[in-house]
Amino acid sequence: MKLKNLFCILLLALTVLPSFAVSDKDMEEAKVIAAKLYLRWANDGSGYLDDLSASSMSDLESKLKTQEKENLKAFKSVSIPADYSSWDKQRFVQFWGSTFFTSPALNAAGKRAKDRVKAKVSAINVSAPSAQPAEEPKKEEPKAEEKKEPDNAAETQNEDAGISIPEPQEVVHQEESFADSLAVLQADEQSMALAERPEKAKSHTWIYVIILIILVILVVWLMVYAANMMKKQGKESRVLSGDDKKLKKELSALEAENNKLRSEVARLKAEVEQAKAETIKQRAAQTAERKKETSAPTPARSKEDAKPQPKIINEIYLGRANPKGLFVRGDRRPNPNHTVFRLDTKDGVVGTFRFVGTPEAIDLVTSNPLQYLAGGCVSDNFEEAETASGIITETPGTAILENGCWKVLRKSRIRFE
């Protein structure tokens, strides 16, 4: 009798405890959780998934970037058993937290998310299976005799056996207590799953703060660098403007000197042409006289005619030329304090002159190039005269002897080195 009563109690408890099974909604929710965490772990650059929410797989896939869509293909290739509607919660959590991630098709890095998936899936409240309510049996009215008979015999037997069958009200209380315990357990699991989010968000916040500080430092450095560059450019522009004024002034002076030299060259060319014409005329007259003397009988030479003619000096060392083109000094030998040019002549009337090129002459003319050279020379780089270490005569000048003085007909062209 005792065993029979105990069996009745267990049967009653099993009928009171609710049975749970996995629904389509539960499976879809677990699949979205597993997909998000798998994609998050498979790609380090998928931090945007932390703030992404999706109600279904199609909703999740529409919000993914290209890399996550590629990784999702492997996730979707894993087959899911079709009999999940018969699973209890333990098997439901075991599949998504372990079995699913044993598939070789999944990314090795993404498989590390299985523990987090297990924790989050454990927090899902598995739905109760929908079932048609059973028809309550019709209660039969007891007979008058049965109503009057108390059930003292059964109660007496149960008391004698030491077992009491709980009243229906006590069963209801036990069911409510079990539901409350289950709700508390599920709430604890959810709080444990959600506890990870603040820590992760906190770590991300520090990363953002560090990046922001670096950006601020970089912006400040760029502003200081730009200010220094603008200040430096301002100084350089002021220096360049001052140098430009000085250069323009020097250029104007050189242009004036160049124009003056050009006019002088034009005048000297005219004089040279005139001198050439006179020389040709004189030579023609001399030639005519020689022919006349040759044709006439040679008279007896007097003693005065027999005297030797003075020897022509073919090399003369000249000093500087004055603004009129006259060489102020002529010597048979170089004079370190005065000699600037050497003149070569064959007839003692017309000759060519060039710069002597001795160290003494270079030191002399570089001390004052315009005074010693401008009268007899032209150059394209007179501005380098004071620092020159040598002077090259590119084209010799031409000079003529007039009234005992050598005069410049055409200036020589020189170059400073």
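Contact, as the word is used here, means heavy atoms within 4.5 Å. This structure is a predicted model, in which local features need pLDDT of at least 70, side-chain atom pairs count only at pLDDT 80 or more, and totals for chains, interfaces and linings use all residues. Residues are numbered from 1 along each chain as its sequence is written, and side-chain values use heavy atoms, with hydrogens and water left out. Helices (H or I, at least four residues) and strands (E, at least two) are DSSP runs, numbered from the N terminus.

Start with helix α5, residues 89-97. Its buried residues (under 20% relative accessible area, where exposed is over 50% and partly exposed lies in between, with a 1.4 Å probe and protein chains only) are Phe 92, Val 93, Phe 95, Trp 96 and Gly 97. They pack against α2 (24-42), α4 (66-76) and α6 (114-122). What does Trp 96 contact, leaving aside its neighbours within four places in sequence? The list is Met 27, Ala 30, Lys 31, Ala 34, Phe 75, Ile 80, Phe 101, Val 117 and Val 121.

A nonpolar core is a set of buried Ala, Val, Leu, Ile, Met, Phe, Trp, Tyr and Cys residues joined through side-chain atoms within 4.5 Å. The largest one has 33 residues, of which Met 27, Phe 75, Phe 92, Trp 96, Phe 100 and Val 121 touch the most other members. Two or more residues come from each of α2, α3 (57-62), α4, α5 and α6. The most come from α2, which gives nine. Apart from this core lies another, of 26 residues, including Phe 341, Leu 343, Phe 355 and Ala 361.

Ala 361 also belongs to helix α10 (residues 359-367), where Ala 361, Ile 362, Leu 364, Val 365 and Thr 366 are buried. The cover over these buried residues includes β4 (350-355), α11 (369-373) and β6.

The strands come next. Two strands pair if DSSP finds at least two bridges between them. Strand β1 (residues 315-318) pairs with β3 (residues 341-345) in the antiparallel sense over four bridges, and with β2 (residues 330-331), also antiparallel, over two bridges. Leu 318 has Phe 341 as its bridge partner in β3 and Gly 330 as its bridge partner in β2.

An open sheet of three strands runs in the order β5-β9-β6, with mixed pairing. Because β5 (377-378) and β6 (391-395) stand at the edges with a single partner strand each, one side of each has no neighbour in the sheet. The pairing of β5 with β9 is parallel, over two bridges, whereas β6 and β9 (residues 412-416) pair in the antiparallel sense over four bridges. Arg 413 in β9 is the bridge partner of Thr 395, and Val 378 stands opposite Arg 413 as well. Thr 393 stands opposite Ile 414.

In a regular strand the side chains alternate between the two faces of the sheet.

Finally, turn to helix α9 (residues 168-295), which holds Tyr 225. Is Tyr 225 buried or partly exposed? Tyr 225 counts as partly exposed because its relative accessibility is 44%.
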